[in-house]
Amino acid sequence: MSRVKCEHCGYVWDYRGRGVLHTTCPRCRLKVKLPKEAVGRRGAEPGVQGRGDLVNRVLEDFGYDGDKLIQILIRLQKELGWLPMEVLREVSRQLNVPLSRIYPIVTFYKAFSLAPRGRNLIRVCMGTSCQVRGSQMILERISNLLGISPGETTPDLRFTLETVNCLGCCAIGPVIMVNDEYYGNLTPASVTKVLERFGVKAPSLAGGVG
Ligand code: FES
């Protein structure tokens, strides 16, 4: 922790970040140069330095406000694609919010992931409307093609497969989302074509299944 004084408004506070040259004054919101001892901590955790810088930046953007914990976690999830434990520990440390409060949040909301996610996120709707239209077959086809179960990521980090309860477009079920795109009225054959667009090969389907 370092004592920092804002050169603009004179406000003094305890800076708990590490590894950046500047920070933002919590009072006047102007950029403030950090003292040497704060910057000198750069490299204290070489394996996580990039993530540490990101945490600092995000916390500064939200004014180190513990009441904005969920928004902070959403931003970190968006930037990193997942929430590594060392990131959660750093958020906990700098906000002075116990991990026991952070952990239930990141495990409750599906938007958060505690494991690396693939570059392509596939969400299969398993809501009632999609289920009666065959979403189970769609899920099984995708699962077979990728070789993973729901909640898993392919070893090459290309795909993560998830199920959701409704994607909000029940009339065109069964529906999946790949990243931000919706695909509806699917059959096992058509979902195979969708995945082929993302480079998935389906050699086992030579017999024309689906
Ligand atoms: S139940 Fe599948 S989109 Fe609503």
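Q: How many bridges join β5 to β7, and do those strands run parallel or antiparallel?
A: β5 and β7 are joined by 3 bridges and run antiparallel, where two strands count as paired if DSSP finds at least two bridges between them. The helices (H or I, at least four residues) and strands (E, at least two) are DSSP runs numbered from the N terminus. This is a predicted model, in which local features need pLDDT of at least 70 and side-chain atom pairs count only at pLDDT 80 or more, while totals for chains, interfaces and linings use all residues. Residues are numbered from 1 along each chain as its sequence is written.

Q: OK, and which residue of β7 stands opposite Ile122?
A: Val178 in β7 is the residue opposite Ile122.

Q: What about β5 and β6, parallel or antiparallel?
A: β5 and β6 run parallel and are joined by 6 bridges, and Arg123 stands opposite Glu162 of β6.

Q: What is the strand order of the whole sheet, then?
A: It is an open sheet of 4 strands in the order β6-β5-β7-β8, and its pairing is mixed. The edges are taken by β6 (159-164) and β8 (181-183), each of which has a single partner strand, so one side of each is left without a neighbour in the sheet. From one strand to the next, the twist averages 20 degrees, an angle that, like the others here, runs from 0 to 180 degrees between N-to-C directions, with axes fitted as lines to C-alpha atoms, for helices over the stretch in contact.

Q: Which helix packs on that sheet?
A: That is α7 (residues 135-146), which touches β5 (120-125), β6 and β7, and whose direction makes about 155 degrees with that of β5; touching here means C-beta atoms, placed from the backbone, within 7 Å.

Q: Back to β8 for a second, how many bridges join it to β7?
A: There are 3 bridges between β7 (residues 176-178) and β8, and the two strands run antiparallel. Within that pair, Ile176 stands opposite Tyr183 of β8.

Q: Switching to helices, at what angle do α3 and α5 cross?
A: The axes of α3 (residues 69-80) and α5 (residues 99-108) cross at roughly 60 degrees and come within 11 Å. The two helices are therefore oblique to each other, a label for what remains once angles under 35 degrees are called roughly parallel, over 145 roughly antiparallel and 65 to 115 roughly perpendicular.

Q: Which residues meet there?
A: From α3 they are Leu69, Ile70 and Leu73, which meet Ile102, Ile105 and Val106 of α5.

Q: And how do α4 and α5 cross, at what angle?
A: The axes of α4 (residues 85-95) and α5 come within 9 Å and cross at roughly 135 degrees, which makes α4 oblique to α5. In this contact Leu88, Arg89, Val91 and Ser92 of α4 meet Leu99, Ile102 and Val106 of α5.

Q: New topic: is Asp14 buried or exposed?
A: Asp14, which lies in strand β2 (residues 12-15), is exposed, since 8 other C-beta atoms lie within 10 Å; the exposed class takes 12 or fewer such atoms, the buried class 20 or more, and partly exposed lies in between, with C-beta atoms placed from the backbone. The C-alpha atoms of Asp14 and Val4, which are 10 residues apart along the chain, are separated by 6.1 Å.

Q: Last one, how many helices and strands are there in the protein?
A: The protein has 8 helices and 8 strands, and 24% of its 210 residues are buried. Of the contacts between residues at least 6 apart in sequence, 53% join residues at least 24 apart.

Note on methods
Two residues are in contact if their C-beta atoms, placed from the backbone, lie within 7 Å.
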